[in-house]
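Have the structure open and follow along point by point.

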Amino acid sequence: MADTIIDVRHLAKSFKGFRAVTDVSFHVEKGDVFGFLGPNGAGKSTSLRCVLSLIRPDNGSIELFGMPLQSHREAVLARIGCIIERPDFYRYLSAHRNLEIFGRISGARITKRDIDRVLDIVGLAGRGRHAVRGYSQGMKQRLGIALTLLHDPELIILDEPTNGLDPQGIIDIRNLILRLRDDEGKTVMLSSHQLSEVELIASRMVIINKGTTVVEGSVRDLLRADDINASFEVDDVSRTCALLSEHARDVAIVKHDTHHVHVSLDKNRVPDVTLMLLTNGIRVTSVDAKRKLEEYFISLLQS
Amino acid sequence: MILLRSVWNECIKIILKPRTYLGFGALTLLISVILFALKADGKSFIGFATASFEQTLSFQGTVLNGNLVGFIILQMLIIHVPLLVALVTGDVVSGEAAAGTLRMIATKPISRVQLLLSKFIAGGIYTLVMVTWFAFLAIVMARWLFGDGDMVVLNSDGLVILSHADIVWRYAGAFVVAFLALLTVSTLSICLSVFTDNSIGPIVATMAVVILFTIIGTLDVRVFDFVRPFLFTTHMAAWRSFFDQPVPIADIRESVSILMAQNIIVISVALAAFSRKDITT
């Protein structure tokens, strides 16, 4: 059985009568890239703040590395690198000085070489001596990730790590997270609105809504990863449906309208099905393969 | 160990924060203006003060020497220094809460008590440096510009003449008591800073408390007689007692005890509140 790194049970937290979190439970296992998903106001940030002891939950239990958070706060936090909400730094200080300050109380002995190393990893090696006030949002985000890596933690918690990053930056962070898991054996918890990103890198996930856990499990199991939702734009919807029923029984017709047939199918079957429709005289104007997680997420929240 | 590291962090933040130098700049400017004014026209200033004694007393030597100038500067400015202290210490918690860096620090493996204690210690060090700078400008610079000599002090009981050999320890004692009074301002502003998430609020609130307590302390109304001895502002003037003859040791000891007790109470309240504070910014 895998080691449980985070075990949150029946978490609840109210602010002045407003229930931000009602009943959130999830667990993160060693080596997971764990997606923490939910719409705005679902209670993600409040839950993460509880996990990092920024706020005290009204109810529920939190264990990290097998230890209760409340009684082992410092020991637990020494093993975590995190960015919550957004990375905020002392604007009047340089990136290097900021990392020095946070590193000094990280529980590890941080050298200048360590700081240079993490700045290099996130692509800020040449800007380390510049004041943070001159940094773009993307650069602050990179610096935040550098901070999470500084003391070589076992668990990395990232809240919207790709906010403000350009496409290349997003790819870099995605590759970095995968490298941290695969090469260094880190556990990563990722809270994000970028469902496509989570879908690409997460091994397990939890979706919460209105302060309550909706579903938790492996991404592959929950999404049946080889299936996708696709929409075929065609000139004859009724004939298309008939052809699919006759020649492609593994393709499930979800719904159809005047010009579109929405189906669920194995992603490898898209070219065959398209070719079959074309050879049977159907004019296929477009094929739109939807990200499965987006669909799943929306359908879950709607239900 | 982590407490010491955190104190060092807090000191670095204060040293590198541009606002820190506003206080030192303002203090330097104010004292320079007073020194210049007394150098330029000090005799008439002193003549006005000693006019009533000239019929009965004859002064030999220079009344306006560095020792008296230092005393005048202390008397004129010590009431304004709380603002300069609160300017920096008032936002050590709330300023970080507003900037979001408190959230970043609070996820590090340092206890809330140690974190806040380190801020109190750094605030105390800043106050000490401020008082030392004040002493340097007020005493060392004044002595350099106006020379040494016996000191004539006018207090409520009349004139007190202190031998120049008997003054250094009095100033040392006066600055220690002044430091303790300003330390109370520093701890109060940090305490207020725990209860809010905007950086200006605690600075304004601290000054409001200083002004309110000063008014209550000086208002000659019996209804405030009970509370007056416990106001830290009442004891901010305790430094003057070192220039009485004889020095009222019991009064000074009482003032020091009250100031220290208030510091301990304020720090305890702040630690209790900060340990339970939800960091939501």
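**Notes on a helix, a chain and a hairpin**

1. Let's begin with helix H1 of chain B, residues 2-16. Its 15 residues reach 21 Å from the first C-alpha to the last, close to the 21 Å expected at 1.5 Å a residue. Please keep in mind throughout that this is a predicted model.

2. Which residues of H1(B) are buried? They are B:Ser6, B:Asn9, B:Glu10 and B:Lys13. Looking down the axis of H1(B), you will find its buried residues within an arc of 95 degrees, so they line one face of the helix.

3. What covers the buried residues of H1(B)? The cover includes helix H7 (112-146) of chain B, together with helix H3 (95-104) of chain A.

4. Stepping back to chain B as a whole, you can count 11 helices and 2 strands. Along the sequence they follow the pattern α-α-α-α-α-α-α-β-β-α-α-α-α. The radius of gyration of chain B is 21 Å, close to the 19 Å that the globule rule gives for 281 residues, so chain B is as compact as a globular protein of that length.

5. Of the 281 residues, 39% are buried. If you take the contacts between residues at least 6 apart in sequence, 80% of them join residues at least 24 apart.

6. Over in chain A, have a look at strand E9, residues 204-209. This strand is mostly covered, with 5 of its 6 residues buried. Strand E3 (residues 33-37) of chain A pairs with E9(A) in the parallel sense, over 4 bridges. In that pairing, A:Arg204 of E9(A) has A:Phe34 standing opposite.

7. E9(A) also pairs with strand E10 (residues 212-218) of chain A, where the two run antiparallel and are joined by 6 bridges. One of the bridge pairs links A:Ile208 with A:Thr213 in E10(A). E9(A) and E10(A) form a hairpin with 2 residues between them. In the turn, A:Lys210 has a positive phi of about 50 degrees.

Methods. Residues numbered from 1 in each chain as written. Chains lettered and ligands numbered in written order. Predicted model: local features only at pLDDT ≥ 70, side-chain atom pairs only at ≥ 80, totals over all residues. Buried ≥ 20, exposed ≤ 12 C-beta atoms within 10 Å, placed from the backbone. Pairing = 2+ DSSP bridges. Rg over C-alpha atoms; globule rule 2.2 N^0.38 Å. Contact = placed C-beta atoms within 7 Å. Expected span 1.5 Å × (residues − 1). Arc of directions from axis to C-beta.
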